[in-house]
Amino acid sequence: MGHLLNSANLKALTYGLMNVISASGIVFANKAVFQTYGFHFTYALTWIHTVFTLVGMRVFAAVGMFPVKPIAQSRLVPLAAAYVAYIVLCNLSLKVNTVGFYQVMKIAVAPTVIGLELVMFRRVPPLRIVASVMVVCVGIGVATVTDAQMVSNLIGIAVGVGATIMTALYQIWAGSKQRELKASSMQLLHAYTPQATLLLGILVPLCEPMGWTAVPSQPMEVAPGADSVAPSPPQRPPGTLLAYHYTPAAVSAIVISAVLGLLVSLSTFLVIGATSSLTYNVVGHLKTVIILTGGCLFFGDSMPAKKFLGVCIAMAGIVWYTQQKLSTAGGAGTRAPGGAASGDPTTEPIRTPLLPITSSPQISVKSAYTATVARSRIGAAPGGSGGGMHNGHHSYRT
């Protein structure tokens, strides 16, 4: 038993636990910000998250977690815009949909990536992967069509589908950019976060009801003979960002969600570097179960038998899909770049067990970075796959 509790295993377990807590927690935290505290400003919340990520990436680089790679900013503008679009749509999907439907649509990213790669690059996957994706689609169909609460929410369906498509496009694009620029996911995120922060800073006053102008309060009627009452000061229009009542609890929830978003990026990077992408995918399936369960327990999501059956079918399909992607990559000896930015850590060769069980060198942040960069460089070789699935990112942010 003692050989299982060495430093390497304890660090790997710690990173895995951090990833489960942060990736699951950010979904619940964001939902609480929207639903419990009534902060309905999607662009503003996304901007706050991105500011925290910007500061965090600067700190991680300063302490030597990864070397900064100089990249021309002009080459990052489209990627920063795609990042903003997918994060905003994911947060909007979580705002207008149930936690369960949001997570089911996250599962749908895998078949969407396959479909987009077929349309965009004429890339035809192996028959076994197509079969697994079909199982996922059947499960998603059963889970959503039988959900009366969801079927009646046409706006929610449209936003959820849009978020899924944009997430898949971002994953494909980010993976190709990593290979093109020969940069790790952390280096790429560090490079384009300033542009994303600036873009969101412009979008917030354009897309959110700000309430710049205070509205004079209505004069109070005074009974005859009574003393006059001083008029109350002008009030900002209700339902605007500046009129929101920023209680300590609401501010704490917003800050917690932003910190969790940063921890998702960090823990994803560390988990893949310290163990394997197989471990990351198993952790991802665990997060899906936790998020679906938490939606029912904390936010009143319904889980009738038919919906539960559909979720189980989709989960079985995604597990099969993951196994096929891993085995395919193992046979080819290549993997695509993965990490928090691309959300594609699923095609690494199966060369390590679920968690290391033999004595191994100490795993440090730098060694985790070295392992991740090495895998990214392998993915740049001919034959590397650019597609993948992501079970709850950075979801990031959500």
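This is a predicted model: local features need pLDDT of at least 70, side-chain atom pairs count only at pLDDT 80 or more; totals for chains, interfaces and linings use all residues.
Residues are numbered from 1 along each chain as its sequence is written, and side-chain values use heavy atoms, with hydrogens and water left out.

The protein chain contains 13 helices and zero strands, where helices (H or I, at least four residues) and strands (E, at least two) are DSSP runs numbered from the N terminus. Along the sequence, the pattern of the protein chain is α-α-α-α-α-α-α-α-α-α-α-α-α. The protein chain has 398 residues, of which 52% count as buried. Burial is expressed as relative accessible area (buried, under 20%; exposed, over 50%; partly exposed, in between; 1.4 Å probe, protein chains only).

Two cavities of 30 Å³ or more are present in the structure. A cavity is defined, on a 1 Å grid over the protein atoms alone, as a set of points where a 1.4 Å probe fits but cannot get out, and its lining residues have an atom within 4 Å of a point. Grid points are joined across faces, edges and corners, and the volume is the space filled by probe spheres set on the points. The largest cavity holds about 50 Å³ of space. Its lining consists of Cys90, Ser93, Tyr102, Met105, Lys106, Gly160, Ala163, Thr164 and Thr167. Helices α3 (77-96), α4 (99-107) and α8 (154-181) each contribute at least two residues to this lining, and α8 provides the largest share, with four residues. By residue class, the lining comprises four nonpolar, four polar and one charged residue. In this classification Ala, Val, Leu, Ile, Met, Phe, Trp, Tyr, Cys and Pro are nonpolar, Asp, Glu, Lys and Arg are charged, and the others, Gly among them, are polar.

One of the lining residues is alanine 163, which is located in helix α8. Alanine 163 counts as buried because its relative accessibility is 5%. The C-alpha atoms of alanine 163 and isoleucine 87 lie 8.2 Å apart in space, although the two residues are separated by 76 residues in sequence.

Side chains of opposite charge can pair when their charged atoms come close. Three salt bridges were found in a search of the whole structure, a salt bridge being a side-chain nitrogen of Lys or Arg within 4 Å of a carboxyl oxygen of Asp or Glu. In one of them, glutamate 180 pairs with arginine 75, with 2.8 Å between the closest N and O atoms. Glutamate 180 lies in helix α8 and arginine 75 in the loop between α2 (42-62) and α3, so this pair ties together parts that are 105 residues apart in sequence. Glutamate 180 is partly exposed at a relative accessible area of 43%, and arginine 75 is partly exposed at 37%.

Glutamate 180 also forms a salt bridge with lysine 177, in which the closest N and O atoms are 3.7 Å apart. Both residues belong to helix α8 and are three residues apart, about one turn of the helix. Lysine 177 is buried, with a relative accessible area of 10%.

Arginine 123 is partly exposed at 35% relative accessibility, whereas glutamate 117 is buried at 5%.

A nonpolar surface patch is formed by Leu118, Val119, Met120, Phe121 and Val124, which together have about 490 Å² of accessible area. Accessible areas come from the Shrake-Rupley method with a 1.4 Å probe, and for residues only the protein chains shown count as cover. Valine 119 is situated in helix α5 (residues 109-121) and is exposed, at 58% relative accessibility.

Positive phi values in residues other than glycine include those of arginine 122, near 55°, and lysine 182, near 55°. Arginine 122 is in the loop between α5 and α6 (127-145) and is exposed at 64% relative accessibility. Lysine 182 is in the loop between α8 and α9 (185-207) and is exposed at 63%.

Notes. Patches are made of residues with over 30% relative accessible area and no salt bridge: like charges are joined within 9 Å, nonpolar side chains (Val, Leu, Ile, Met, Phe, Trp, Tyr) within 5 Å. On a 1 Å grid over the protein atoms alone, a cavity is a set of points where a 1.4 Å probe fits but cannot get out, and a pocket is an open set with protein on both sides within 12 Å along at least five of seven lines; lining residues have an atom within 4 Å of a point.
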